[in-house]
Amino acid sequence: MRKRLLSAILGLTVMTSAFVGAGSTVVMAEENDLPVVGVSTGSSGSTFRDAMTQAIKDVGDEYIEAGRIKEYKIVDNATNGDATEQANIIRDFISEGVDIILMNPNSSDSLNGVIKEAQDAGILVLSYDGTCTAEDVITVQVNPYAWNEKLVSYVAEKVPEGTAIDIYGLDGHPGNIQRLQARDDVLENYPDIEIVSETSGGWDETVAKEATAQILATGIKPDIVFTQDSMAYGVLSALVENDAVPKIMVGEASTAFFKSWKELKDEGVDMQACTIPNPPGISGTGFRVAVNLYEGKEFKEDVLQEMNDATNFFYEVKGFYTDDNFDEAWEILKDQPDDYVLTETITEEELQEYFQE
């Protein structure tokens, strides 16, 4: 697939070249030969999804101005999370003759058939923020194992003994499985931390709050609380309401959570927290990777990693927030809506470090 696309790029009429990163030059072409990008978001309607879409627009507009793509088209599902509808959107892109399809998949494998149709039509397909097991498709996402390993390690180092609860993500989801494996691997080195109750919060604040309240109703008052993004504010709300604030917990990089965290700090409550963003800007990172691959770039050896039956480009999140650098994040979050989350997108210069020269 990549060789076919590279041949197509090399056959374009050369107009000029532009510097896009350390030691990197891309071939420019007549406008009619520039690629058209179709983006299937899979879901929309939340602040998180709005930030994802904005990252796509930011990178897409940058690439149009730089003469690297002709245009991009963003299509949302009418029914969030519906894989069948998403497959029809992809088929529309095929019939429209796009050159690149960028998608946030609503299923890790049920879209594989339509992806093959796109590839057979010579279209480069790339997945972002959701595992895709289709052959010759790269998934651009945050490494779920490394993400939770860093958080659990920090918590365990700060409070190496005590009772713990875990309100984890969606049961059976590959990302959640990897996060729980990381937790268990870390806690093997901390035998004095005992997880006394754990349950799914479904990556939903309301569900997570109720799940936490049900655990607390049994009389448990944990020293440590593990949870994941999209749930920590709900979990903390239940803890506060039930007078069960822990010594330390995993938080989330949202305005709502930071507000509650700040209120506790201002009241002198002795609770530590830590969080790593799960950045919606991963969509923009995926856009950058897709266009660079279309232009014929090849990753350096060992950059891509196999996990969950998929080939992954793992973006390493820069942000890691604790009580020590709380103010750094708060300055960004304090004037944002409650459901706003911190985000990041790889820069063009940073991305070039992963490609062969």
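This is a predicted model: local features need pLDDT of at least 70, side-chain atom pairs count only at pLDDT 80 or more; totals for chains, interfaces and linings use all residues.

Visitor: What counts as a strand, and what as a pair?

Guide: Helices (H or I, at least four residues) and strands (E, at least two) are DSSP runs, numbered from the N terminus. Two strands pair if DSSP finds at least two bridges between them. Here β10 (residues 224-227) and β11 (residues 248-250) pair in the parallel sense over 2 bridges. I224 stands opposite I248 in β11.

Visitor: How many bridges join β8 to β10?

Guide: There are 4, and the two strands run parallel. I165 has V225 of β10 as its bridge partner.

Visitor: How does the chain cross from β10 to β11?

Guide: A crossover is right-handed if, with the strands pointing away from the viewer, the path from the first strand over the helix to the second runs clockwise. This β-α-β crossover goes through α8 and is right-handed.

Visitor: What is the order of strands in the open sheet?

Guide: Its 6 strands run β9-β8-β10-β11-β12-β15, with mixed pairing. The edge strands, β9 (193-200) and β15 (321-322), each pair on one side only.

Visitor: Which way do the side chains of β10 point?

Guide: I224 and F226 point one way, V225 and T227 the other. All four are buried. Buried means under 20% relative accessible area, exposed over 50%, partly exposed in between (1.4 Å probe, protein chains only).

Visitor: Which residues have the most contacts inside the largest nonpolar core?

Guide: A nonpolar core is a set of buried Ala, Val, Leu, Ile, Met, Phe, Trp, Tyr and Cys residues joined through side-chain atoms within 4.5 Å. The largest has 49 residues, and L126, F287 and F313 have the most contacts inside it. Helix α10 (residues 282-294) gives the most to this core, with 7 residues. A second, separate core of 27 residues includes I167, A244, A253 and F326.

Notes:
Residues are numbered from 1 along each chain as its sequence is written. Side-chain values use heavy atoms; hydrogens and water are left out.
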